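Morning, everyone. Please look at the model on the screen, and I'll walk you through its packing.

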Amino acid sequence: MHGDDEDVFDSVTWESASAPYDVDPRVHPVGPGFKQSTAGIEEQRGPHDPKWEGFLVTMVKDPVKELADTKDAYVSYLVTAKTNLQIFSSPNPSSRRRFTDFVFLRDHLVKDFPACVVPALPDKHRLEYITGDRFSPEFMERRRLDLHRFLQRIVRHPTLQRSTLVRAFFESTEWHVFMHQHLAHPPGPEPMPGIIDNISDTLLNAFARVRKPDERFLHMRESVDKFEDGLIHSERLWNRIRGRTNDLTADYHDLAVAVQGLGFLESGITDPLNHFSNTLLEFSALLRHKTQTTTDPFLVHLHSLLTYSHANRAVLKLRDQKQLDFEELSDYLSGVTLERDRLSAVISGHAGSMGLGLSAYLKDKVDAIRGADDDRSRVEKMRKLDIKIKELQDAVTTAHETSDAFSDETLREQTIFQYSKEAEMKEMMNNLADGEIEFYQSAMEEWERIIPIIQRIRVDV
């Protein structure tokens, strides 16, 4: 952020049209997403295709309770990485960070890179499906997984992964000093109040609609809506599955107890019934294990993807606001220009040829009542309007350039988000499939062991 290595929209360089996702640290990264030379690729790349200058693979692990016996106790996490990005001073940076450090990183990435999709963090004190306090092993492990997923999304982003803030987060041994310096000297120039800041809030209404929507972004918004609807529906469905699986787990446990009691009554088949009861208990435990290791992480990941999509939606909304600023400023400039032309026509005696209608006529009458209808006051007012017109013209030009630049960045962001989303969806579904396969394989083994025992039971009628 401080210095020449800072990422800004105009200086962002990209690398390839494929994103680097999970990398085996034992293998030297090659192929799309890891190329460090643009030779032979630049001609094939579209204007809105992202490029990576290298790879950055991260891991959050080893949660440790610090200051355990004090009221200021907190949990720290070991953050490690492997990279070939030149911005890093080491290919294997590592550091210990607490949750508030992740919050600082996220908040300031949002401020420093408003056009980038910066993922959200999990809630500080609350996690779904976890009981116990924030220092329980279950809570710390789930928090570790969420923070790991957050950092994965950051390092997959070709702009964010090369920011000075991310580099310091991984490398700095004086992180608190860096945070204070970053707060005291934020990257980029301080925004100066301009004509747009002096316009009434009723003019630039954040809830107004863009009058000339871009079809590309309308399609993107529709895609985001469909994606989020699918996630919400899936989350609702899997919550119902989880509830029914918990009921089934309890039912199999109760059935096992009942079968064991039956074995005490049937002395001739007590041993086979005890085996059957144990199988039922084991199957109940397998269901519980599947819920804890497969269903619950799947639900957490689903919800995390939903919050990630909300961050993407926020960027699309901000792009619309940039276009709305340009449209409203253009309308305001047109109104001021018309007023200036009206005054010019009145002074020159050609007011009737302007055809400004009833509103202009009423305005003239009001000025007359206020004693402001003499030529001297009109000339002075025209002079002020000329100054305002010049300011507005500059503001409109700036707003138009900002809107266009933001639109270009948003198009790139959507491509990056699609890469990241597809990688996470693949990872999430693979984990779900692996968990389900493991469960059914274990269940089949349990039932195959008990079937011969049950078949050997002979009951005299």
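Predicted model: local features only at pLDDT ≥ 70, side-chain atom pairs only at ≥ 80, totals over all residues.

Residues are numbered from 1 along each chain as its sequence is written, and side-chain values use heavy atoms, with hydrogens and water left out.

Find F169. It sits in helix α3, residues 164–171. A helix here is a DSSP run of H or I, at least four residues, numbered from the N terminus. Is F169 buried or exposed? It is buried, because its relative accessibility is 0%. Buried means under 20% relative accessible area, with a 1.4 Å probe and protein chains only.

What does F169 touch, beyond four places in sequence? Its contacts include V79, F102 and W175. Contact means heavy atoms within 4.5 Å. V79 is 90 residues away along the chain, yet the two C-alpha atoms are 8.9 Å apart.

Now F102. Beyond four places in sequence, its contacts include V60, L147 and F169.

Next, the core. The largest nonpolar core has 35 residues. Such a core is a set of buried Ala, Val, Leu, Ile, Met, Phe, Trp, Tyr and Cys residues joined through side-chain atoms within 4.5 Å. F102 and W175 are among the residues touching the most other members. Helix α2 gives the most, with 6 residues.

Last, the helix pair. D101, F104, H108 and D112 in α1 meet W175, H176, M179, H182 and L183 in α4. Thanks.

Terms used
Helix = DSSP H or I, 4+ residues; strand = E, 2+ residues; numbered from the N terminus. Buried < 20%, exposed > 50% of the residue type's maximum accessible area, 1.4 Å probe, protein only.
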